[in-house]
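Welcome! Take a look at the model below, and then we will walk through it topic by topic.

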Amino acid sequence: MVGVVLAVVGALVVMLAIYDLIQRRHSILRNFPVIGHFRFLIEKIGPELRQYIVADNDEERPFSRDQRRWVYATAKKENSYFGFGTDDDLHKSGRIIFRNAPFPLKRKSSDDAPVPCGKILGGWRNRPQSFRPASVINISAMSFGSLSGAAISALNRGAKLSKCLHNTGEGGISEHHIHGGDLIYQIGTGYFGSRDPDGNFSIDALMETIEKAPVRAIEIKLSQGAKPGIGGLLPAAKVTKEIAKARGVPVNRDVASPNAHTVFSDIEGLVEFVELIAEKTGLPVGIKSAVGNEKFWSDLASYMAKTQKGPDFVTVDGSEGGTGAAPLVFSDHVSLPFWYAFPLVINAFAKVGLSDHIVFVGSGKLGLPAEAAEALALGVDIVNVGREAMLAIGCIQAQKCHTGHCPTGVATQSRWLERGLDPSDKGVRLANYVTGLRYEILRLSHACGVEHPALLSDDKLAVMGDGRTLVSAHCWYGVAPEITQSKQRVAGIASALKEL
Ligand SMILES: Cc1cc2nc3c(=O)[nH]c(=O)nc-3n(C[C@H](O)[C@H](O)[C@H](O)COP(=O)(O)O)c2cc1C
C-alpha cells in the first residue's frame, strides 16, 4: 500500500516537474521545477509570517514589498488594489501628498491612455529627426550583457506594445533589441557598437550600428548614479559570440570600459562630440549623468546658452539608481540622490533661459505612481524606469545581478536560467506595467483637477515637512513654480494633448 502511495506521489511530482518545465508563465518554475512552488507559497504567507518575525510592508529596500506587489499585480493585470487603508506613517518627513481637487476632472481615461511628453526631443537644435516622445514613461539604459538576451527581448517587445522608448544601455545593439520597439542608443566610455578595433570611437562604426535598428535618439553616458566615475570589466567568460558581436569586441577576451571618455575631457569637447554625432546622424543627442557638484552644470548651461549648441536632453540619474554590479562604497556613498541632483540641474539651465528647451529625463526609483507624478510635476519631462521594468518581467529583487546567477533569467547569461524567461509573455507584462503606471499618474492628475501630471502646480503638491508642517513640494525641493509651470512648458503639454 505504502509503495502504491509513494509511486502515485512520485508520478505526480514528475508530472508537476514536466508541467513546470514547459509552462511559460513563471520563470522561477521553469528554472526550478517543483521546488519553485515553495517560493510562491512563502510569498503568499509572507505577510502573515513577517507580521510576527521579519519586516513590514514598507521596510525592504531598494523596493518595498508594497511597491513590488504593485508592479507585479500591474504587470500581470491582476488586482493591484490594497485593502483596509494605508499602513504608512503619514507624518514622515519628506512624504509626498497630492492635494485632491474638490471636483476632480471629469475625464474618462482608458487604461491604456497615452501620456505624451510636453517637449519635442531635438526641437531646440532643430535636429532633422526631432520628435515628440509618445510616452512620459520609458525604459532606462540596461545593456545586453548585464541583462540576458531574453530580458532585452522582453523589454523591446513591451516597448513596442506600450509605445515607449527602449534605451539600449552601453552594451551596443543586439538582435534581441530588434522586436519593433524604438531605441535610444547609448554610448558609454567603451564605445560599444561605435568603436574601431583598438577601442577608439569611430563615427563610421556608429553609423553602421544605427542603420540596422530603429534608433530615435542617442545618449552619451557620462556616468550613472550607482557607480559614477568607475569603469567596468566584462570578464572573458561572459564575452559570448552574441555579446562580442553587439559590442564590436573579440570573443572570449576581457572587455574593459575605462572610467572616463577618451574623446573629450571638458565641456567644450563634450558639446563638440554631441554636435558631431547630431550632425552626422540627424538624431537628437543627449547626455546621462549622476550629479556631483553644481559647478559643472552651471558651466555647461552657460556654455550652451552662449554657443546655442549642446545636448537636446539631459538624463539625471540619482544615486539610488541600480546597476548590474558596483563596489558597495560607490553605490552607497558617491553622487547625489535624485531629489538633490535634479533641482540643481534644472535650476542651472533655468538660470540661463534654457530649461524650456532641454528635455529633462529623470531616473532613480521613479517608476512608481507617486514618485513618477511628483517628478513630472517638478520639471522632469520623461521618467526612465530601470529596475521597476525588471520587476515587471519577473525579477524578484534577489540582488544577484553581479553573480550571473539571477534565478529569474533577467540578469544572467546562463542559458539554463535565461530559458525560464519567455520574452513574449514577459513583453506583455512590461507593456501592462508601463500602461498601468501611465494610467495611475493620469488618475492622480485627474483627482487633482488637471489633465497631465506635468500640470500639477505648486498648489497641488505638498510634502510633509519636519515637525508636522506641510510644505509646498516646489519649496521643499527648491524648484521654482515659474520653471515647472512656465508658459512654454504648459503650452507644450497643451499641444501634446491636442495631438492625441
Ligand atoms: C542591471 C542594470 C544594468 C544597468 N545598465 C546601465 C547601462 O548600461 N547604462 C546606464 O547608463 N545605466 C545602466 N543602469 C542604470 C539604469 O539605467 C538606471 O539609471 C538606474 O537603475 C535608475 O533607475 P531605476 O531606479 O528605475 O532602476 C543599469 C541598471 C541596472 C539595474
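Seven residues of domain 1 touch 11 residues of domain 2, where contact means that two C-beta atoms, placed from the backbone, lie within 7 Å. On the domain 1 side, the touching residues are two nonpolar, two polar and three charged. Here Ala, Val, Leu, Ile, Met, Phe, Trp, Tyr, Cys and Pro count as nonpolar, Asp, Glu, Lys and Arg as charged, and the others, Gly among them, as polar. Please keep in mind that this is a predicted model: local features need pLDDT of at least 70, side-chain atom pairs count only at pLDDT 80 or more, and totals for chains, interfaces and linings use all residues. Residues are numbered from 1 along each chain as its sequence is written.

**Domains**
- The protein chain is split into domain 1 (1-54) and domain 2 (137-448 + 483-498), with bounds from an automatic or database domain assignment.
- Taken over C-alpha atoms, the two domain centres are 37 Å apart.

**Around the ligand**
- The ligand has 27 residues around it (C-beta atom, placed from the backbone, within 6 Å), and Ser140, Gly169, Gly321, Gly322 and Gly386 come nearest.
- This shell is made of six nonpolar, 14 polar and seven charged residues.

**Helix H9**
- Helices (H or I, at least four residues) and strands (E, at least two) are DSSP runs, numbered from the N terminus.
- Trp297, Leu300, Ala301 and Met304 of H9 are buried (20 or more other C-beta atoms, placed from the backbone, within 10 Å; exposed is 12 or fewer, and partly exposed is in between).
- These four cover an arc of only 95° around the axis, so they sit on the same side of H9; the arc is that of the directions from the helix axis to the C-beta atoms.
- Lys295, Lys306 and Thr307 are exposed on the other side of H9.
- The buried residues of H9 pack against helix H8 (267-281) and helix H11 (338-351).

- Most residues other than glycine have a negative phi, and most peptide bonds are trans.
- Valine 34 has a positive phi near 70° and lies in the loop between helix H2 (27-31) and H3.
- Phenylalanine 84 has a positive phi near 80°, and counts as exposed with 5 C-beta neighbours inside 10 Å.
- Glutamine 308, which follows H9, has a positive phi near 55°.
- Arginine 61 and proline 62 are joined by a cis peptide bond, with omega about -5°.
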